[in-house]
There are 2 protein chains.
Amino acid sequence: MISNKCKYAIKALVYIANNEQDDKAVMTADIAREQKIPRKFLEIILRELRNNRILDSKRGKDGGFRMLRAPENISLTEIMRIIDGPIAMLPCVSLNYYRSCDECEEDSCQIKTVFEQVRDKTLEVLNGKTIKSLTSQF
Amino acid sequence: MISNKCKYAIKALVYIANNEQDDKAVMTADIAREQKIPRKFLEIILRELRNNRILDSKRGKDGGFRMLRAPENISLTEIMRIIDGPIAMLPCVSLNYYRSCDECEEDSCQIKTVFEQVRDKTLEVLNGKTIKSLTSQF
DNA sequence: AATAAATACTATCAAATAGATAGGATTAAT
DNA sequence: ATTAATCCTATCTATTTGATAGTATTTATT
């Protein structure tokens, strides 16, 4: 399971990509209302995406958020790793958050291979999906 | 990520499948030592597998655990669902633990489809793997 | 300069989950 | 009886999840 936080992050990004305009940033309050995401929680999420250089923010009146990078260059894996961390099902099989298991000799681990396969299939799907590809284009 | 508990469960089952004999059940202490799993934690796990009719147990001297069903009929998904619950990344996409998301209309959810694809690919791998297929066969 | 409206930041909190450990009760073979 | 195994209940700590409250700061507009 991904966390609610991560689900909110993805939905918020899709919303921003869909609604931003040259002259106007998208406000937290609008995203919260439209996507039914708790406002204060969303603030934290958007700031985190900003700190990771996914979003740009502007303070004060007429402030809000806009995409810092093109939505077609932001994959779901990138967002998921920022918000939730590893995507793999075992630490010893994670590409970006590798940790060895205390209890096992990796060379002789019986279960590692299976979860490498799961990881590869999962990444095949998620790497191919961008914020843009989730956007409603007419 | 799957939990340590789930990882331990799978490793313990593979160990039991590998080491059980007609006349002798496999003891918690042996599994704990060989697989470096905390003994008391392992007790809880094995009992849970027993309650779910994966294992059979025998109390008292010469007691222990053995497979209740054939290892080739026990898929990884079954174990993972018993120990960790849902395998899918979103509740609204889970086959065995479906829950709707509070905040979204499922028909118009932009992210559901991606996670259905991840689910299908993941299950393709995990349904095909059984305890037997992880066992060392010579 | 004052006001309004937005994000930024800090602190806090409650509930659930993860990951165990301790100790005694029960069962069964010898 | 003794020994050795599972079974059961209770408990514990740390972390994560999911959030809320309140204040500070920034900016556009009047």
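Mentor: In this predicted model, DNA strand D is surrounded by 26 residues, and the closest of these are A:Lys40, A:Arg59, B:Met27, B:Thr28 and B:Ser57. By class, the surface near DNA strand D is made up of 13 charged, 7 polar and 6 nonpolar residues.

Among the atoms of DNA strand D within 4 Å of the protein, 66% belong to sugar or phosphate, while the rest belong to bases. B:Arg50 places a polar side-chain atom 3.0 Å from a phosphate oxygen of DNA strand D. B:Gly60 uses its backbone instead: one of its backbone N or O atoms lies 3.4 Å from a sugar or linking oxygen of DNA strand D. As for secondary structure, the elements that give two or more residues to this surface are α1 (4–19) and α3 (39–51) of chain A, along with α3 (39–51), β1 (55–58) and β2 (64–67) of chain B. The largest share comes from α3(B), with 4 residues.

The other strand may now be set beside this one. DNA strand C has 25 residues around it, the closest being A:Met27, A:Thr28, A:Ser57, B:Lys40 and B:Arg59. Sugar and phosphate make up 65% of the atoms of DNA strand C that come within 4 Å of the protein. In the side chain of A:Thr28, an N or O atom is 2.8 Å from a phosphate oxygen of DNA strand C. A:Gly60 has a backbone N or O atom 3.4 Å from a sugar or linking oxygen of DNA strand C. A base is also reached: an N or O atom in the side chain of B:Arg59 is 2.9 Å from a base oxygen of DNA strand C. The elements giving two or more residues here are α3, β1 (55–58) and β2 (64–67) of chain A together with α1 and α3 of chain B. On this surface α3(A) gives the most, with 4 residues. Its classes are 12 charged, 7 polar and 6 nonpolar residues.

The arrangement of the two chains is the next point. Chain B is superposed on chain A by a rotation of 180° with 0.0 Å of shift along the axis, at an RMSD of 0.0 Å. That is the relation of a two-fold axis. The same surface serves both copies, since 100% of the contact residues of chain B recur in chain A.

Finally, the chains meet each other directly. In this interface, 34 residues of chain B are in contact with 34 residues of chain A. Between them the chains bury about 3400 Å², 68% of it on carbon and sulfur atoms. There are 5 salt bridges between chain B and chain A. A:Glu103 and B:Lys7 form a salt bridge, with their closest N and O atoms 3.2 Å apart. On the side of chain B that touches chain A, α1 (4–19), α4 (76–84) and α5 (112–127) of chain B each supply at least two residues. Of these, α5(B) gives the most, with 8 residues. The residues of that side divide into 23 nonpolar, 4 polar and 7 charged.

Note on methods:
Residues numbered from 1 in each chain as written. Chains lettered and ligands numbered in written order. Predicted model: local features only at pLDDT ≥ 70, side-chain atom pairs only at ≥ 80, totals over all residues. Heavy atoms only, no water. Least-squares fit on C-alpha atoms with pLDDT ≥ 70 in both. Contact = heavy atoms within 4.5 Å. Near = heavy atom within 4 Å. Polar contact = N/O pair within 3.5 Å; in protein donor to acceptor, adjacent residues only side chain to side chain. Nonpolar A, V, L, I, M, F, W, Y, C, P; charged D, E, K, R; others polar. Buried area = accessible area lost by both parts, 1.4 Å probe. Salt bridge = Lys/Arg side-chain N within 4 Å of Asp/Glu carboxyl O.
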